Amino acid sequence: MMQANRSRQEHETVEAQAPLSLARMRPGAGPSDLTLRPQQRLTATTPVMLRSDRAGSAPARLWTALTAAAETEADRGLAFLFLPVAMGAGAGLFYGAQRDPGLLGPLCGFAVALILALFAGARHIGLARAGGFAAALFAGAIAGSIEQRSGTVLLDQDVTTGITGSVEAREFDAGGRVRYLIRVISTADPELGRPPERVRLVARAPHPPLPVGAAISGRARLSSPSGPVMPGGYDFAFRAFIDGIGAHGFFYRAPQAADPLAQPPPSRLQAFRHGLRTVREQISARIRSVLPGDPGGIAATLAVSDRRGISEAAVDSLRATGLAHILAISGLHMALAAGTLYMLIRTALAAAPAVVEAWPVKKIAAVGALLAATAYLMISGASVATQRAWVMLVIMLVAVLADRPALTMRNVALAAMAIILLTPSAVVGPGFQMSFAATAALISAYAVLAARKRARQGEPGLLAGSMPGRVIILFVKAILGLAITALVAGLATGLFSAHHFHRLAGNGVLANVLAMPLVTFVVMPAGVLALLLMPFGLDEWPLRLMGKGLEGVIWTAQYVESLGGDIVVGQIPLQATLAASGGLILLVFLRSWLRLGGFALILLGAVLALPPFRDHGPDILISEDGALVALAGPEGLASNAARPSEFLFRQWQTALRDKPHIAPVSLKSAETRTAGSGTESSGTARSDARGSEAQTSEVEGSDAAIDPKILDRLLASAAGERSRFHCASRGICAAIHHRAKIIAIREAALIGAACDRADLVILAIPVRMRACHSGATLVTSRTLRVTGSLAIRMRSVPVRSTASPDHPRTTRPGFTIDASLEGVIRPWTIQRYYDWRSRSYDLPN
């Protein structure tokens with residue numbers, strides 16, 4: 001009896017507390033037939049929840065909603081998607097460190113984090129995930145440390161020497177010049193103490209081009225890879241270090257064929273690479289013979305990644321309209337090439353019903369596409385972007401072979417992890433960031449559209465009944481698909497384009513909608529067909545069809561550019577990019593309402609990038625050799641050169657929101673030199689250098705002394721037109737900018753006079769003098785070699801200078817100096833500390 005009463009009470013408790021669960025009972029079943037999942041089981045001791053209790057307070061409801069959304073995201077495997085994010089952060093932190101973190105530290109961190117994750121297991125899922133993410137972060141740092149060890153030796157300073165080496169690759173530009181990639185065997189006159197392993201040299205003089213694998217020699221001017229053009233800019237020396245190119249330059253005369261015995265016999269791998277490069281050259285030459293001009297140059301770029309034949313005007317038009325991505329063999333080109341062959345194989349096999357019934361046609365086509373993608377990877381030169389595209393495509397094709405969905409966010413995460421492990425340096429470059437941002441954003445956007453389409457299944461479509469209606473709908477959907485693809489990809493990549501290149505394509509969506517159908521349906525299929533038919537000599541008509549499509553792409557770029565080119569946004573702060581990147585990650589990864597946090601972070605990044613929330617930029621810019629100086633004024637960017645280096649100065653302009661160039665005022669009538677050597681300038685220089693190291697050993701002498709009064713005349717002229725350089729010659733310039741007197745010179749004899757008269761002295765020659773005794777700030781090419789380029793901001797509070805016996809106590813404006821590489825001692829900067837005289841490194845303490 002007691003047992004029956006207790007059972008009846010339990011059933012009544014269940015009926016009172018679980019009305020929703022009772023609805024799941026079978027028809028006609030009693031309370032004893034009620035079945036609950038483990039998480040739904042109730043007991044007699046469970047208190048009855050009233051409606052007012054379920055409502056709870058606002059914080060409780062928010063916590064409940066957050067917990068439910070987090071559980072939903074966890075069930076979707078969200079933790080796995082964040083593993084490549086952690087690995088990328090580890091690689092980025094490794095390469096962003098000022099000193100080498102080494103390998104032992106990341107290895108120990110990885111081991112501890114992995115042990116923590118394994119021991120936590122399912123008992124502490126949060127702790128296990130934290131350990132997994134920490135292990136992924138250390139794994140990215142370990143991959144970076146391993147990759148760094150395979151880097152090359154970078155040339156420590158510019159030099160003229162004799163080069164003997166082996167031709168590894170060659171390229172021909174539109175002007176007929178040959179650019180050689182040479183593996184250095186020896187140097188002579190002088191013999192370099194730290195010779196680079198490989199150099200890239202241009203041969204301007206007409207000569208019979210030497211083939212790949214041939215021995216080559218000649219007198220060449222070698223230049224060391226340059227660092228960032230300004231703090232926060234792209235480090236070209238880092239890229240050269242990773243690519244294995246230690247110097248670049250040119251031959252003074254036509255290079256000659258060297259003695260083949262001077263080079264060691266090539267290994268099998270080197271012979272295979274030489275054969276591939278020869279095939280690439282033959283393909284490029286064949287394409288250019290059929291398609292001259294820019295269409296041929298772009299076609300050669302798409303086929304073998306040879307970009308030397310494209311004119312500057314065409315490249316500028318493509319870049320300004322957001323179509324420059326077609327010049328890089330990326331995921332789009334790899335997918336189009338492999339997809340074209342996939343469709344050809346599948347269509348050909350489908351024509352035989354017996355084959356379709358007996359063999360898995362889809363998987364056979366996938367294997368053929370995989371082989372085609374691998375061949376395309378080798379022929380195109382296997383650049384980092386192409387390797388990344390190949391890895392992504394292989395993972396997706398393997399998913400097809402395994403009867404799994406190909407385009408999923410999980411596959412993108414797998415591809416990202418594989419690429420980070422193979423080439424972790426790609427994480428800090430724009431190609432990796434833009435590629436994966438576009439891919440992830442497109443998959444996320446089309447997943448949302450597919451879900452909406454499934455929700456509307458069964459509803460009649462517009463004009464769905466008639467054939468013309470279906471054709472119209474198909475055409476409209478194709479255009480909308482291209483527009484959505486261009487818009488989503490443009491928004492996702494625009495963030496990183498603005499950060500790295502300081503510009504956005506204003507009409508990029510329109511240009512992509514007009515041009516991408518030609519690339520997708522004409523250019524790439526014709527190009528794939530031409531490559532397949534080229535061994536048989538039947539490639540002319542596919543190449544001409546490809547050329548017509550490329551002519552349409554170039555015309556589209558020029559037309560859209562005439563409507564309005566790219567938008568220069570200036571240098572974006574790093575914190576703004578990081579905030580917006582985090583928002584993009586949340587937006588594409590999450591599916592619940594938590595993705596609204598992504599919108600908030602993107603909005604925060606946009607706010608931080610607005611002029612009111614970021615600094616106005618530097619007031620003075622100095623190149624890393626001290627030869628070029630620019631003043632950022634209200635009227636534009638004033639330089640000390642009438643025709644500054646376009647490559648360098650254009651980057652300064654875009655970083656400062658496209659300020660126009662202001663050329664210096666030339667005072668040609670001024671007398672700059674006087675006869676004799678016992679002049680005031682010499683004495684002043686000796687007085688100013690008192691107590692410093694001797695400097696004359698590094699500076700060439702002059703037959704005529706320079707009158708220091710020329711500096712007074714230049715400063716007097718600059719006082720009438722401020723924020724602009726006034727020059728007596730290219731090597732002697734002065735300006736007054738925001739109350740600061742600035743003198744840029746290349747004459748050692750004027751150092752003392754310049755220090756006495758200016759607040760900032762820039763000397764474009766290497767001297768051992770480190771400071772002005774007058775209190776002026778001194779910058780020399782010797783100090784710049786260590787610090788890299790400088791960005792200087794004027795301080796509003798003046799600084800009182802040190803008084804000397806000969807000069808009264810005065811006040812000078814203060815400077816806040818940001819250096820690109822000061823304190824950064826890594827394998828791609830260590831050459832800046834090398835002293836070729838002692839053949840040792842002069843490292844700071």
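E171 is buried, with a relative accessible area of 18%; buried means under 20% relative accessible area, exposed over 50%, and partly exposed in between (1.4 Å probe, protein chains only). The model you are looking at is predicted, so local features need pLDDT of at least 70 and side-chain atom pairs count only at pLDDT 80 or more, while totals for chains, interfaces and linings use all residues. Residues are numbered from 1 along each chain as its sequence is written, and side-chain values use heavy atoms, with hydrogens and water left out.

**Salt bridges**

Let's stay with E171 for a moment: its salt-bridge partner is R179. A salt bridge here is a side-chain nitrogen of Lys or Arg within 4 Å of a carboxyl oxygen of Asp or Glu.

| Pair | N to O distance |
|---|---|
| R170 and E281 | 2.5 Å |
| E171 and R179 | 2.7 Å |
| D658 and R650 | 2.7 Å |

R170 and E281 form a salt bridge. R170 lies in strand β1 (residues 159-172) and E281 in helix α10 (residues 268-290), so the pair ties together parts that are 111 residues apart in sequence. Helices (H or I, at least four residues) and strands (E, at least two) are DSSP runs, numbered from the N terminus. R170 is buried at 19% relative accessible area, and E281 is buried at 15%. In the D658 and R650 pair, D658 is partly exposed at 35%, and R650 is partly exposed at 31%. Elsewhere, a network of salt bridges links E168, R183, R198 and R277.

**Helix α11**

Helix α11 covers residues 293-304, 12 residues in total, and reaches 16 Å from its first C-alpha to its last, close to the 16 Å expected at 1.5 Å a residue (the expected span is 1.5 Å times one less than the number of residues). Of its 12 residues, 10 are buried, so α11 is largely enclosed by the rest of the structure. Among them are P295, I298, L302 and V304. After the helix comes S305, with a positive phi near 60°.

**A six-stranded sheet**

Six strands make an open sheet with mixed pairing, in the order β13-β16-β17-β18-β19-β20. The edges are β13 (665-666) and β20 (777-780), each with a single partner strand, so one side of each is left without a neighbour in the sheet. Strands pair if DSSP finds at least two bridges between them. β17 (residues 732-737) and β18 (residues 740-745) pair in the antiparallel sense over six bridges, and H737 stands opposite A740 in β18.
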